[in-house]
Structure formats: structure tokens, C-alpha cells
Amino acid sequence: MVAPKVTNDRDNVAPANIYEDKKIFPSFRSGPLQEYRDKASFCYKRLNVLLEGEDHIRLKHKIWQWMEKHPDFQREPEAPNLERTRELANKRHHLLWEQKFFDVNEYLNTPYLMLAFGQAIFSYDFSFSVKFSLSNGMFPSTLLTNGTGRLGKYIAKISDDRILGAYALTEIAHGTNANGMRTRATYDVKSQEFIIHTPDFEAAKCWVGNLGKTCTHAIVYAQLYVPDDKHQGLNAFLVPIRDELTLLPLPGVTVGDLGEKIGLNGIDNGFVMFNQYRIPKANLLSKTGDIDAQGNYNSPIKDQRKRLGASLGALSTGRVNITAITYVALSKAVCIATRYSASRRQFGPPDSNEEWPVIEYQSQQYRLMPHLTAVIALRVVSLWIGKKNMDMMMRGMMGEDTSREGMEIHAISSALKPYATWAARDGIQECREACGGHGYLRASGLGDLRNDNDANCTYEGENNTLIQQASNWLISLRRNNANFVDASPLETVAFLKDMNVILQTRGQEQNAGQALDVHNLLKALNWLTAWSLDTAVKRFEQLQSAGKDAFETRNNIQVFAAQKLSIIYAERTSYYVFYKFVTNLPASPEQQVLLKVLSFYGANLIIKYSSLFYQGGYFLNSSQIELYQQGILGLLSVLKNEAIALVDAIAPTDFILNSPLGMSDGNVYHHLQRAIVSTPGVYERPYWWRDVTYKTYLERAKL
């Protein structure tokens, strides 16, 4: 991402000891949550630093503090209409860019700060953050990785905020099937130009973020035809869309807005059609293939399928980023629901006059703890995959061969993105319901989180289709007797070098303590992954033996085999990365609570797949699953007292969280009153009261 350096304010130097920085860790106001903070066995500040690191925390808080002080980032009392929503997203996008929280040199020296920057802006609002990330992240990074030096002037314009970009791949009639796309780019030898043409509405580019109203340029994917109508596959082109000064569409370009959506309405998703529209020859993104003046096409990658894969490499980074985005959405929801559950009181023992906080009820605990433990695991794994991907990109820019890492990142991101987005989808909904009727208020923030996250399940690879990328890779490794260690520099499948031995292991746990031991949980998940892969491979070979071709075979192994394999692969990877993180920490109260979180997370996965453990023979008797149930029940009462401090360790500031149900002091009803009463029109008669007919009707009905 071309990133937006704050000039040093010598009068406002942050304390060297981050734990003493009151802007980052202010004292909590008194309230009902203090009871649970006093019960915590660890320091939430130290846990926050362990999970994210000091530099990460300082940058995101610097951004949040700037937002909280800036007038254009203040929350509006009423939900804005579509045009106002778009206006705010566009304005905030440019304001953020002008602020330049760090420059290119700082990015090159500490690229991981980009992960903190992304977390900070998405925690405030998804719409303007997606808009910013598309124009200042995906657009320039695709130009840099797929283009060559001849497009350097456009990078300079992006750096000066003179142009705004979009990424146009999807068409009305084709999304996942990139090869089926029909936008055409024909090379004209005489004029040394490409003619971009849309044959009909079904071939219109659509769902393109920033295209509806604001972008000046787009990276457009089109089928390339050279002289003699020779087809050279899908290629990427830099295409001017609007005049850079007036933002009026250029001649030959029909562009429009798709209108209001379920969520993310600050992003102007649009469509575009081209009518024999000419662009210079130099605008072909030529890293994976180029043409000479006569129209001869040359590429270092001879396989057209692999060439397309290299051209679409930006999508892998997008999937990695989506995993981090979903962490933000789920973490905010979990913070709101957990704090609300510790503040909200209902019922109590018959011999007591005091009502219990609803978090004291076991059923409420089991609604929250699976998502709380999962989101902490997701915090660790999203930073891990983000850093691995960034490291690979930086080394690739230096000319290193990163093909093995690239293949594995493509596979694991194709599994992690569906896993994470579905986990967020289900977790946010559960949190909404766990907050009862108040969770249904728009002011709670849970509805917007749910709707904005929803798109993550679809864009940059529709989940049910995308996960096939992961299963295809895993199945091909096994069927080709590949060296799993060599194929897995990230270690997501290196353990499968002993797959045949793993398949023979059986669960030997005798009590709940052994069942919830983090090493035993990893052993069980290793077996589950190996068995799922073995099952999918056997199904694949059965269909091949029955005469099915490759297409039919892949289609008919999805249900009960390949799809489940991909998700289990993602879940085992999440557990393994979290396991390595926790077990490598020095002994401390923070490590001890993370071990409990890890145990709960792993045991809940075992419960989820209990039928497969019996089906595959890992569990030998019916009582074994009860050990995991006993362990989870025991941990519920422990983690209940740790829950508020755990969410304190991952929660954004109150201004960023922006929910009366989830404020850090827990004074829910005070904040709820302010949110409701401050809404314009609450104490006014409705507009229809002036309608005599309706007023008469009400009087007659005595309403």
C-alpha cells in the first residue's frame, strides 16, 4: 500500500514506558465492569503488548487520537443518506492521505506497521477504509508488481493524490470464472494502441469499488487479441476512466453507480462499459507478458493458466488483508457483547435480592467464549499471515525467488479468508443476539458490523468457490507424493510428512485435563487434518477410477470432503500458529491465561468435529467426547472472570468502538439514554401528525 508522517510534537512526547502512557492506557472510569477487572489474573496492558507489539499499538493509537480530535471524523447523530455517506467516505479518505502517518522510507524500513495502520482505520469505519485501501493499496501495488517502469508516472500521481484508482475484474455475467470474461482488448498495429470494447451489458465490469463516482483510472482485465485475431488470454490494462480535473467520464466510457447496498455504502461500487475505447500500448501491465510494435506477444510464463495466476497475485494479498479486516469486525462485536453481558443484570437466586450479571449464566458464557477465544486466535494468525505475506513481497521486490512461499500463501489465504469471514459472520450474529433487544438498535453498532462484514464472504473470491484453491493444492501434494516439508516454508502442512503415522494415532486421553492439554489438542487436530486429506484423496481417486474427468471429479468431491478439508486446514493452521505463539512465551500470568484461551479454542474445535473423530476411529469409545465437554464446562467458569480483561486487551478506544453497549466503564443505561435521547426527533411529533385524516383516524381508534 502506498501509505499515508506526523511531524514530531516535542511538547507532546509519548512516555518511553508504554504502560505509563495515559493516552494509550487511560484509567477506566468507575462502573459495573470494575468487579470483573478485579477478578482478572493478569495485566491486560501486558497482554495487549504481547499480542501486538509496542510499535503497532503506538501507531494505531496515534491515528485514533487524530480521528477523535478531527471535526470531519465526528459521528453524526442520524444515519446519513447515501449521498452523505459517500461524501463522508471520500472526504475522510483524502484527509487521511494528507495526514501521512508515515512515509515511504518508514514503510520500507518497518513494513509491518502497515498492518497496524490497516487495523486502526478499519476499526473506525469499513467504508472509507476499503475506499482508501483500494486506491492507495491494491491499485498501486498491482501497478508495481504487474507493471513495469513505463507506468512510473502514474505511481507518482498516486503518491501526490492526483488520481484515484480502481480494480476492475468482475463482470455482470462472470465473477469467479475469470477465463469466461468477455471485455476485449484488440491491438491496433497502425496506431500502436489497444482498443478496449464491451460487447454487451453482460460483459460490463461491475462491483468495482471507487468506480461509481470517484475514480479516475482503473486496472481493467480484458481478453487480449493481437494481429490475425490471435487470443493471448486475460491481461491487465491501465485504463483512464474520468478526466482528472473534472471527473467527467471520458468519451467512449459509460460509467455509473450500482446504488445502495446491504452495507459498505460509503464505497461507490460501479459498472463500466467501453465503446471502441483506445488506450496507449504502454498501458498494458507487462510484467507477465508484453507485445512488440508488430503485435507479437511474449511472456516469460508460457502456461496461460499460470500466467493468469501471476497476474491475479494481488488477490492473494487482498485475501490476507480480509483475514485481518474480519478480526477487526469480530473483535469489536465480542467486546460489545462481553462488556454488555457483564453489565446487564437479570434474575438471580431465589434467596437473594440481587440480580446476576448475565455473564454469570452458563448459557451466556457458552455463547460468548467460543467467539472470544477464536478472535484472540485470529488476532495472532492474522498478524502472522500478514507479516509472512509482506516479507515475501519485500523479498520478491529485491529479486528473490519466492514461488514456494507464494504458492503456500495462496493456498492458506484461500482457506483462512473463508474461515475467518464465516467465523466473523456467525460470531457477530451471536453477539447481536446475546445483547437481546438492545443489540438490535442501530446505535449498538452490531448491525453495521454484521452488514459491513457480510461482503467479506464474497469479494476477492466467493468463499465456497475460493476454498477449492486450498483443497486442490492439498490433494495434489498428496497424490503426487510431494515432500510436504519442501512445499511448506510456512509450516502449514510440514507436519504431513508423517501423514501415514499420524493416521494410525488414536486418542488416549483419560481425563479432562489430558483432553485439554494444548499438546494433545494439536495432536488431535493433526490427525483430523490428515484424515480429512486422506478421505478427500480416496474420494478423488474413486471418481477417477469410475471414469470421471478432472472437472467432474473436482465438482463431486466438494460436499463432505474437499470443502471440509479446506476449513479444517485453516482451523488447524490457526490453532498451530496460536499454539506456537503461546508456548514460546516466557512464563507469566499472561501466558497462563493465553494457555486457557488456547485450550478452549482447541477443545471447541474437537467438539465441532466430534462425529469425524468417531467416523475415522480416533475416538475409541463414546465417553471420550465427554472429556472435552467436561473440560470446556470447567473453563467457562474460569474464563468468565477473565473475559473483561481479555476484551480490554483487544478493544479499541470508546470513540472508535462507538457503542453504548460496549463502553469501557460498563455504564450501559447511561450511554444508552444519551444515544437515544440525543437522536433528533425523539421528542417531536411525527410528520404525519399534521395530516388531519390520519389524526382523525387515530382519535377515532382511541390510539
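Visitor: How far apart are the end C-alpha atoms of residues 166–275, and what is the helix and strand content of the span?

Guide: Helices (H or I, at least four residues) and strands (E, at least two) are DSSP runs, numbered from the N terminus. In this predicted model, local features need pLDDT of at least 70 and side-chain atom pairs count only at pLDDT 80 or more, while totals for chains, interfaces and linings use all residues. Residues are numbered from 1 along each chain as its sequence is written, and side-chain values use heavy atoms, with hydrogens and water left out. The end C-alpha atoms of residues 166–275 are 19 Å apart, and the span is 0% helix and 44% strand. An unreviewed UniProt entry annotates residues 166–275 as "domain: Acyl-CoA oxidase/dehydrogenase middle"; such annotations may be inferred rather than shown by experiment.

Visitor: In what order do the three strands of the open sheet lie?

Guide: Two strands pair if DSSP finds at least two bridges between them. Here the order is β4-β8-β7, with antiparallel pairing. The edge strands, β4 (205–208) and β7 (253–257), each pair on one side only. From one strand to the next, the twist averages 20°, an angle taken between N-to-C directions on a scale from 0 to 180 degrees, with axes fitted to C-alpha atoms. Two bridges join β4 to β8 (residues 270–274), and K205 has V272 in β8 as its bridge partner.

Visitor: Which strands does β3 pair with, and by how many bridges?

Guide: Five bridges join β2 (residues 184–188) to β3 (residues 193–197) in antiparallel fashion; Y187 is partnered by F194 in β3. β2 and β3 form a hairpin with four residues between them, and Q192 in the turn has a positive phi of about 60°.

Visitor: Which other residues have a positive phi although they are not glycine?

Guide: Most residues other than glycine have a negative phi. D228 has a positive phi of about 70° and is placed in the loop between β5 (217–226) and β6 (230–240). F347 has a positive phi of about 60°, in the loop between β12 (345–346) and β13 (356–357). Exposed means over 50% relative accessible area, buried under 20%, and partly exposed in between (1.4 Å probe, protein chains only). D228 is exposed at 79%, and F347 is exposed at 64%.

Visitor: Which residues of helix α4 are buried, and what covers them?

Guide: An α-helix has 3.6 residues a turn, so residues three or four places apart point the same way. Helix α4 (residues 82–99) has 18 residues and reaches 26 Å between its first and last C-alpha, close to the 26 Å expected (1.5 Å times one less than its number of residues). Its buried residues include T85, L88, R92, L95 and L96. Among the elements covering them are α3 (54–69), α6 (113–124), α7 (126–146) and β7, contact being heavy atoms within 4.5 Å.

Visitor: How many residues has the largest nonpolar core?

Guide: A nonpolar core is a set of buried Ala, Val, Leu, Ile, Met, Phe, Trp, Tyr and Cys residues joined through side-chain atoms within 4.5 Å. The largest has 186 residues, and M67, F117, L143 and F578 have the most contacts inside it. Helix α11 (residues 362–397) gives the most to this core, with 15 residues. A second, separate core of 27 residues includes L211, V226, Y277 and Y297.
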